[in-house]
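Welcome! Please take a moment to look over the sequence and the model before reading on.

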Amino acid sequence: MTASTTLGAAESVRSRLFPLLLAGLLGTFIVGFVGFAQSDVLHNAGHDYRHSMAFPCH
Amino acid sequence: MSVLRNAVFLAAIAGLFAGIAMTGLQTFFTVPLILEAETYEAGANAAHGHAHEHGHEDAAASGHHHNEDAWAPADGAERTIYTALANVVTGVGFGLLLVAVSELAGGISSWRQGLVWGFAGFAVFTLAPGLGLPPELPGMPAADLLARQTWWIATVCATAGGLALIAFGRQPLLAVLGVALIIAPHFVGAPQPATHDTAVPAELHHSFVVAVTLTNLVFWVLLGAAVGILRTRFAEGLGAARSSFA
């Protein structure tokens, strides 16, 4: 009983791992892009945001 | 792909909410201090008696080196709208990270658990990097940008890993390792500027550090609580039963 529950849980973790990693990767990309992108235009648009979030910016 | 879809929906709604709330907080507590610092920044350049074309060298000396001709939003509503946009977009981004990590650990099943997860996010993204690299106002000197970004990212990763080891490590030794991992980046030390001389008054900077830290705290607990409340609607699609913290 315990063994089969554990097995099921492991299976569910495995099938969820890929989409959750993908979600995490997407989040990292979004935050990295808005927080760190070096374009002057992006920098100026997000200036007050970056200062307010204490991103190392300029 | 329904797990991904549900994670994105959950993060989008929670991030939209927390991002809008954060914009309100920034408008009252951090942006006025940024605008005030910019008057000192402009004043310092003028006091040195440099014409505009020489301003660039001044700016380089103070760590500010941007193309003055690049597009920038007009002060006022336009500037606020772009700040709001950045807040909402990154709110969704931080939400995705929070949902992804918390789902791997069993999921946030209540607003109260969400607060704890929010505190963790605050510790990882604001508190730990802010110890070595305090929030900066415009016109303040700073070390090399790439070095600071590298230290910032390394500190975020080390703190997240350390907290995960403390919360989910099965052996006591892993918790000890977690604490060491959180301390390590500060032992190495953040890149510091050659000089801390600035026209920006120390009191203004202190107020800014407090304002940034507290507004980020509120942002993270709102984001965590929102995920906790909304998750009940998405739990089935996320493929997880209600489960305990660990």
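A few conventions come first. This is a predicted model, in which local features need pLDDT of at least 70 and side-chain atom pairs count only at pLDDT 80 or more, while totals for chains, interfaces and linings use all residues. Residues are numbered from 1 along each chain as its sequence is written, and chains are lettered from A and ligands numbered from 1 in the order in which they are written.

Let us begin with chain B, which holds eight helices and zero strands. Helices here are DSSP runs of H or I with at least four residues, strands are runs of E with at least two, and both are numbered from the N terminus. Of the 246 residues of chain B, 40% are buried, where buried means that 20 or more other C-beta atoms, placed from the backbone, lie within 10 Å of the residue's own. Two residues are in contact if their C-beta atoms, placed from the backbone, lie within 7 Å. Among the contacts in chain B between residues at least 6 apart in sequence, 84% join residues at least 24 apart.

Now follow helix α8 of chain B, residues 202–234. Its 33 residues reach 47 Å from first C-alpha to last, close to the 48 Å expected at 1.5 Å a residue; the expected span is 1.5 Å times one less than the number of residues. Along the way, α8(B) has a kink of about 25 degrees centred on B:Gly228, the bend being the angle between axes fitted to the seven residues ending there and the seven starting there.

Leaving aside neighbours within four places in sequence, B:Ala14 is in contact with B:Gly95, B:Leu223, B:Ala226, B:Val227 and B:Leu230.

Where do the two chains meet? In all, 51 residues of chain B are in contact with 31 residues of chain A. The largest share of chain B's side, 17 residues, comes from α4(B).

Finally, consider confidence: pLDDT is the predictor's confidence in each residue, from 0 to 100. Chain A has a mean pLDDT of 81, and 78% of its residues reach 70 or more. Over residues 1–8 of chain A, the pLDDT is below 50.

Definitions and conventions
A residue is buried if 20 or more other C-beta atoms lie within 10 Å of its own, exposed if 12 or fewer, and partly exposed in between; C-beta atoms are placed from the backbone.
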